[in-house]
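Subject: Structure for your files

Hello,

Here is the structure you will be working with. Please open it alongside this message; my notes come after it.

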Amino acid sequence: MSKRKPYQREMKNDWWLKNIFYSRYMIREGSSILITLYSLILAWGVFRLSQGAEAFNAWLSALQHPVSIIFHLLVLLIALYHTLTWFSLAPKAVDLYIKGKPLDGRLIVAGHYITFVIATVFCLVIIML
Amino acid sequence: MQIIKTDVAIIGAGGSGLRAAIEIAENYPQLDVALISKVYPMRSHTVAAEGGAAGVVQDSDSLDQHFDDTVSGGDWLCEQDVVQYFVENAAKQLTQLEHWGCPWSRKADGNINVRAFGGMKKERTWFAADKSGFHILHTLFQTSLKHPKITRFDEHFCLDLVVENNKIQGVVILDIAEGEAKLIQAKSVIMATGGAGRVYTYNTNGGIVTGDGMSLAYRHGVALRDMEFIQYHPTGLPGSGILMTEGCRGEGGVLINKNGYRYLQDYGLGPETPLGQPKNKHMELGPRDKISQCFWQEQQKGNVITGDRGDVVYLDLRHLGETKINERLPFIRELAKAYVGVDPVHEPIPVRPTVHYTMGGITTNAKTETSLTGLYAIGECASVGLHGANRLGSNSLSELAVFGQLAGQQAAEYAQQAEHHTIKPLQEKAQKIIARTEALLHSNGNEKMADIRQEMGDCMEEGVGIYRTQTSMQKTIDKLAELKARYKHININDKSSVFNTEFLYAIELGYLLDTAEAIAHSAIARQESRGSHQRIDEFNTRNDVHFLKHSLAYYQADKAPIIKYSDVTITKSQPAERVYGAASETKEK
Amino acid sequence: MTDKTIEIEILRYRPEQDEKPFPQQFEVPYHPDMSILEALQYIKDHLDSTVSFRWSCRMAICGSCGLMVNNIPKLGCKAFLRDYYPQKVKLEALANFPIERDLIVVMDDFIKKLEEIKPYIIPESDDKCLSEGTYKQTPEQMEKYAKFSMCINCGLCYSACPQYGLDKNFTGPAALALLARYNRDSRDAGSAERMKIVNQEQGVWSCTFVGYCSVVCPKGVDPAAAIQLLKVESSKDYLIGMFKPD
Ligand SMILES: Cc1cc2nc3c(=O)[nH]c(=O)nc-3n(C[C@H](O)[C@H](O)[C@H](O)COP(=O)(O)OP(=O)(O)OC[C@H]3O[C@@H](n4cnc5c(N)ncnc54)[C@H](O)[C@@H]3O)c2cc1C
Ligand code: SF4
Ligand code: FES
């Protein structure tokens, strides 16, 4: 009869609170819920637009409600956080070599930020026009 | 007791054991192989080898030169037919490793790169940055996974050999996790258990390098050959003994004393070579025995640096620059930073000689066969006759590949024509072994294991270290006898079955003590100085008339071992003076 | 010698005596150079010889000595008391693995995963003959897989991976990094076989990119990167599969 009795430790529900790295990961993952909500609201706007100008205007005025504004600010923050975390992870998924040496991770991250800024400015310009 | 039948049992899954296993699985697919190791294969100490493996590849190099370097490096105590076979097969076996995926460092054109190494006239050391052993071991382990005929017994500890009718019939192993013994019945057995560096306090070896296989064979009447030849590596970290590979010097690193002076030039290794231009067989690229001895001389002269961790000299790599250090010696940089807090890019590394390698071991013939029918031995636990009185760095990793292949083939051929013995008498033998082991587990004496281990290591350093005298060796011999007596009264606290490491340490300590005894007695009997065996009493020169001979230590249970001698095979290189530095050039002319 | 000491707490578990693990305190002489492994050796030699742990090389290359130091996976021989003193150090067996005894975990599942991913060169056609010499492989080609060949199989990354903690079927970081090592080797032609493992649910797609494996890895293997690169390959496989009729 074997005397072995391997002990399996349980993973508790709060495992992600025990280590700051895990907590940040959970916030990153959690942020996608808010971002999903945000896209649903946008989609709702498109749907309202299809129903005519009046419906769309009602949707627009609803957006101006303080609760809605606070919500959007929050989503903006979270989205930024989400973006930053993904940017910092980006070098891991890049398989580029220059003269036989892997491309410096910082360059890849910088590339992402530059693209991000250009895209943002571009969108702003379009909206302004 | 579980009984497992196999054709070939291999004890040890380091570089040599794995190589043998793959040989059998590839070329004798009808045979079953049991591969036994007290740790997972990739933990084997081959993993720690840094510098590289020798094999002739350059056009400017030749097999004859590799032969000459090895034989003169070994102070003419090598079996020259074995050396010939070795140099002829080294590059081929290293190529085999390459085909299996070993990431050898390359030149820009995609061909193998080679580096300079101590005592080698030409650059012929293949390297995988400074993790050569690591890559060799992992390549072999991973390649072995291709072969379903290899059954691994990981974390199984070999307790003893089962011998019947003067032939080996198998081994008894302990399943460490279960705490249960098993009998492996085999037609042939290959011993590949590695060295015994742990008999000394300061060494470059892992905790598992405890001479198990040497002791087991020795206790069964197989002679241990040339055990007095222990290699001190000149550049270990003070305190831990962790190795700074010879590759450091191969790449151009230099040794300096407390005055910043490259002292090797004072001991027949000069003239001084310009910084960053290492010259083969000169200065820092002299052989290990000589360079370690120079440290001792400098210590006597008071030219060393005394730090917290004892006396040191400096290994200076700064002139190599960060890029080269990162490319060729990244692991060295990592180790120096972690273990002595020194970044070699900016500061010299403190180093001192530490025990590194056992040249001797289980006596085998040129085909890796021992005197016990069916038993083969390879790697550092064996003495196939390649290294003589001093091993050249980077010859032993190649040895694993060359003789691992050969032993696999030999043991397989033998197993093919042999029959399994009837099981009954083997079972009885196994039961006796288990009973004896259990008795040890129940030791309740008052001797502390840690004390015995420490005192053994210290007395070996003192008596059979870099320089030896009759009195120092005699003192060690007496001490060892005392320790062996005390060992019978050790205390083992832990009586449990599951993963009882205290018990394993106790068995290993028994192996260590026997090996230590063979070393000390072989040393005192050799009344001359040769290679790594240097005496500073009246026997301070080489004596070819009486001692151009291998020593053979025979086990005598509770008495001192008997030391006998056997001839050295000399084919084409007659003993001559061993010279390095400028003198070697004069000699060539 | 100083008289300074440091407190070390070890989570003990002796299967033949204990129902479940319990903490035990030890007081060990403090020296800044001392590694956690050396502290454990001190405990075993002088305080309690039944404390069990694995070790061998004591130079961070054999991969034996992984354990949790204050809840973070580390190599015992490469973590030093100076980084914790004067705080107490808490040691525990590697997370996510079953405890065999004290600081020793059952490695079977980890080893099995390494075995399953075909970690050996699968050559193009018949074996290249030894007399033909070595393959050519430029330093650039080596660079493609070099990082992923540095794994010492210590298991720290499995301890750091919550996905492995939640689902033991996940192939996991080290094994996938090793798989990438062979897929990316110019001498190998076995990618197609290995991609079957990659494409499975328990292959790369169990990874949610926590990324902690790469943080704790003592050898800079970066298994998280290996997995992301394999995800790209796996997606390519999927797309090609969509357009290939069969
Ligand atoms: C730090 C260091 C650096 C080195 N660098 C170089 C170098 O650059 N070039 C070079 O040529 N050589 C080098 N060497 C020497 C060379 O690495 C070794 O001689 C060689 O690796 C030994 O291999 P092996 O197969 O004989 O044994 P090991 O790799 O030591 O394997 C021994 C095996 O036996 C098993 N074993 C032992 N006892 C038992 C038992 N009782 N029961 C079950 N299993 C057991 C172990 O588990 C292990 O699997 C170096 C050595 C050291 C220590
Ligand atoms: S990838 Fe890193 S952490 Fe994971 S097993 Fe390998 S060396 Fe250890
Ligand atoms: S003891 Fe080998 S990695 Fe720590």
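This is a predicted model: local features need pLDDT of at least 70, side-chain atom pairs count only at pLDDT 80 or more; totals for chains, interfaces and linings use all residues.

Residues are numbered from 1 along each chain as its sequence is written, chains are lettered from A and ligands numbered from 1 in the order in which they are written, and side-chain values use heavy atoms, with hydrogens and water left out.

Domains

Domain bounds come from an automatic or database domain assignment. For chain B, that assignment gives domain 1 as 2-229 + 359-422 and domain 2 as 236-353. The C-alpha centres of these two domains of chain B are separated by 29 Å. Their contact (heavy atoms within 4.5 Å) takes 24 residues from domain 1 of chain B and 25 residues from domain 2 of chain B.

Chain C is assigned domain 1 (5-105) and domain 2 (108-243). Here the C-alpha centres lie 30 Å apart, and 16 residues of domain 1 of chain C are in contact with 17 residues of domain 2 of chain C.

Ligand 2

The shell counts residues with a heavy atom within 4 Å of the ligand. Around ligand 2 it includes Cys151(C), Cys154(C), Cys157(C) and Cys217(C). Also among the surrounding residues are Pro218(C), Val221(C) and Pro223(C). By class, the shell has 10 nonpolar, two polar and no charged residues. In this scheme Ala, Val, Leu, Ile, Met, Phe, Trp, Tyr, Cys and Pro count as nonpolar, Asp, Glu, Lys and Arg as charged, and the others, Gly among them, as polar.

Helix pairs

Helices (H or I, at least four residues) and strands (E, at least two) are DSSP runs, numbered from the N terminus. Axes are lines fitted to C-alpha atoms, for helices over the stretch in contact, and angles run from 0 to 180 degrees between N-to-C directions.

In chain A, the axes of α1 (residues 20-50) and α2 (residues 53-63) come within 7 Å and cross at roughly 150°. α1(A) and α2(A) are therefore roughly antiparallel (under 35 degrees counts as roughly parallel, over 145 as roughly antiparallel, 65 to 115 as roughly perpendicular and the rest as oblique). The residues making this contact include Trp44(A) and Arg48(A) of α1(A), and Phe56(A) and Trp59(A) of α2(A). By class, the contact of α1(A) with α2(A) has nine nonpolar, one polar and one charged residues.

In chain C, the axes of α6 (residues 173-183) and α7 (residues 191-199) come within 10 Å and cross at roughly 160°. α6(C) and α7(C) are therefore roughly antiparallel to each other as well. Leu179(C), Tyr182(C) and Asn183(C) of α6(C) meet Ser191(C), Arg194(C), Met195(C), Ile197(C) and Val198(C) of α7(C). That contact of α6(C) with α7(C) has five nonpolar, two polar and one charged residues.

Backbone details

The peptide bond from Gly270(B) to Pro271(B) is cis, with omega near 5°. Pro271(B) is in the loop between β14 (254-256) and α7 (288-301) of chain B. Another cis peptide bond runs from Tyr85(C) to Pro86(C), with omega near 0°, and Pro86(C) sits in the loop between β4 (72-75) and β5 (89-92) of chain C.

Asn166(B), a residue other than glycine, has a positive phi near 60°. Asn166(B) lies in the loop between β8 (156-164) and β9 (167-175) of chain B.

Regards
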